[in-house]
Amino acid sequence: MFLKSIRLTNFRNQSDVGFEFSPSVNIFVGQNGIGKTNLAEAIYYLCFLKSFRTSSEEFVLQKDKNHFNVTGNFGFEEGGNSEVILIYKKGEGKKISQNHKVVNRFSEFIGSHPCVCLTPDDIQISNGSPSGRRKFIDVVISQTSKIYLDSLIRYNKIIKQKNKLLSEFEPKKIDDFLDPWDEELSSYCFEIIRRRKDFLKKISTELSDFYNKLSGGKEEITVSYESSLEFTETQQDIYNELVRKRRIEKARKSSVFGIHRDDVSFKLSGYAARGFASQGQHKTLILALKLSEINFLKNEMLESPIAIFDDVFSELDSSRIGEFFKLVGDKTQIFVTTTHEFENLETEKRIFRI
Ligand SMILES: Nc1ncnc2c1ncn2[C@@H]1O[C@H](COP(=O)(O)OP(=O)(O)O)[C@@H](O)[C@H]1O
Ligand SMILES: [Mg+2]
């Protein structure tokens with residue numbers, strides 16, 4: 001899949017602009033603060049219907065305006081086109097249409113335009129807290145499975161209710177409420193853990209390969225799922241454990257077991273990346289992870305994703321950037337933002353001076 005063109009109105013500092021893209025590499029060049037990340041953000045909006053840097057559209061809306069629009073035209077490898085129009089109006093929220101049909105449930109749309117995005121904040125996946133790693137895997141898998149995304153949404157709703165109950169009511173009086181919730185939670189937990197483990201298994205070999213290709217070294221990278229639950233073989237196992245450990249959750253007045261507390265562990269030659277790896281190793285790991293994510297989506301879906309790299313190549317020279325693009329593969333359309341033009345980059349590319 002590739003994005004042929006985009007048009008933005010009142011989107012951050014862009015009052016009204018349009019671009020026609022190359023199906024291969026597109027590079028936005030310009031000084032700091034000029035609006036490059038804003039363009040990357042607009043492309044991301046067309047795939048996820050939200051921003052990668054804020055959950056509030058108020059920040060995205062241009063100052064003193066009351067609406068913003070993003071329109072994109074995609075072409076598919078399998079044939080056909082898709083026109084996505086997103087309109088945000090102050091006080092009314094977002095409305096989305098695809099090929100002139102209104103998108104009512106945003107979760108139905110996710111995955112129809114697969115996308116991989118890397119920004120400087122993503123270093124958190126490797127050296128930050130577990131929530132960043134969970135978000136990373138959730139965004140990838142949600143694009144490949146509606147069951148996964150729906151399970152996650154439903155799970156999070158129940159956990160909120162469960163936490164409210166645990167924090168506000170007498171522990172002795174709440175078992176009757178908790179039983180059916182823990183039963184439902186255990187079924188979503190089972191499904192989500194199964195798919196998360198499957199994803200990690202599928203990327204694990206490639207992750208090491210990509211890491212070593214990028215670093216020129218011979219390190220073994222391992223990735224494993226670390227659940228807050230001990231027994232996750234069956235849904236019944238999970239339910240039994242939730243019931244067994246309920247007294248702990250009651251004492252803490254919060255739900256502490258389940259997929260919202262799980263983590264992923266990355267190891268470099270046997271040592272946990274978090275706490276052990278150097279800044280350079282973290283960056284290489286994240287680049288390798290994004291390459292693995294691109295291949296995972298290519299394999300799981302009918303269309304190759306588009307790839308957005310926002311301001312992440314500043315320390316690489318052109319030959320290493322060219323090699324990185326080769327690893328991405330020529331079927332994947334790439335968007336890059338940078339303050340410095342990549343001298344002598346041989347890859348076929350279209351440059352946009354912002
Ligand atoms: N809602 C908004 N309305 C108008 N300008 C905005 C809005 N949000 C951000 N900006 C402006 O966008 C610019 C930052 O753009 P950004 O894409 O982050 O720059 P960079 O080229 O460094 O990536 C800043 O000048 C900021 O003031
Ligand atoms: Mg930027």
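How many bridges join strand 4 to strand 5, and do the two run parallel or antiparallel? Nine bridges join strand 4 (residues 67-75) to strand 5 (residues 81-89), and the pair runs antiparallel. One bridge can be named: Val70 has Leu86 of strand 5 as its partner. This is a predicted model.

**The ligand site**

Ligand 1 is surrounded by 16 residues. The closest are Gly33, Lys36, Thr37, Asn38 and Phe59. By class, the shell holds four nonpolar, eight polar and four charged residues.

Two helices each supply at least two shell residues: helix 1 (36-48) and helix 2 (57-60). Helix 1 gives the largest share, three residues.

| Residue | Protein atom | Ligand 1 atom | Distance |
|---|---|---|---|
| Phe59 | backbone N or O | nitrogen | 2.8 Å |
| Gly35 | polar backbone atom | oxygen | 3.0 Å |
| Arg53 | polar side-chain atom | oxygen | 3.4 Å |

On its own, ligand 1 has 580 Å² of accessible area, and the protein covers 72% of this.

**Strand 13 and its neighbours**

Strand 13 (residues 334-338) pairs with two strands named here. Strand 3 (residues 25-29) runs parallel to strand 13 and is joined to it by five bridges. Within strand 13, Thr338 stands opposite Val29. Strand 12 (residues 306-310) also runs parallel to strand 13, through four bridges. Here Ala307 has Ile334 as its bridge partner. The chain passes from strand 12 through helix 12 (residues 318-328) to strand 13, and this β-α-β crossover is right-handed.

Is strand 13 buried or exposed? Five of its five residues are buried, so strand 13 is largely enclosed by the rest of the structure. In a regular strand, side chains alternate between the two faces of the sheet. Both faces of strand 13 are covered. Ile334, Val336 and Thr338 are buried on one side. Phe335 and Thr337 are buried on the other.

How values were computed:
Residues numbered from 1 in each chain as written. Chains lettered and ligands numbered in written order. Predicted model: local features only at pLDDT ≥ 70, side-chain atom pairs only at ≥ 80, totals over all residues. Heavy atoms only, no water. Near = heavy atom within 4 Å. Polar contact = N/O pair within 3.5 Å; in protein donor to acceptor, adjacent residues only side chain to side chain. Areas by Shrake-Rupley, 256 points an atom, 1.4 Å probe, with all protein chains shown as cover. Nonpolar A, V, L, I, M, F, W, Y, C, P; charged D, E, K, R; others polar. Buried < 20%, exposed > 50% of the residue type's maximum accessible area, 1.4 Å probe, protein only. Pairing = 2+ DSSP bridges. Right-handed = clockwise from strand over helix to strand, strands pointing away.
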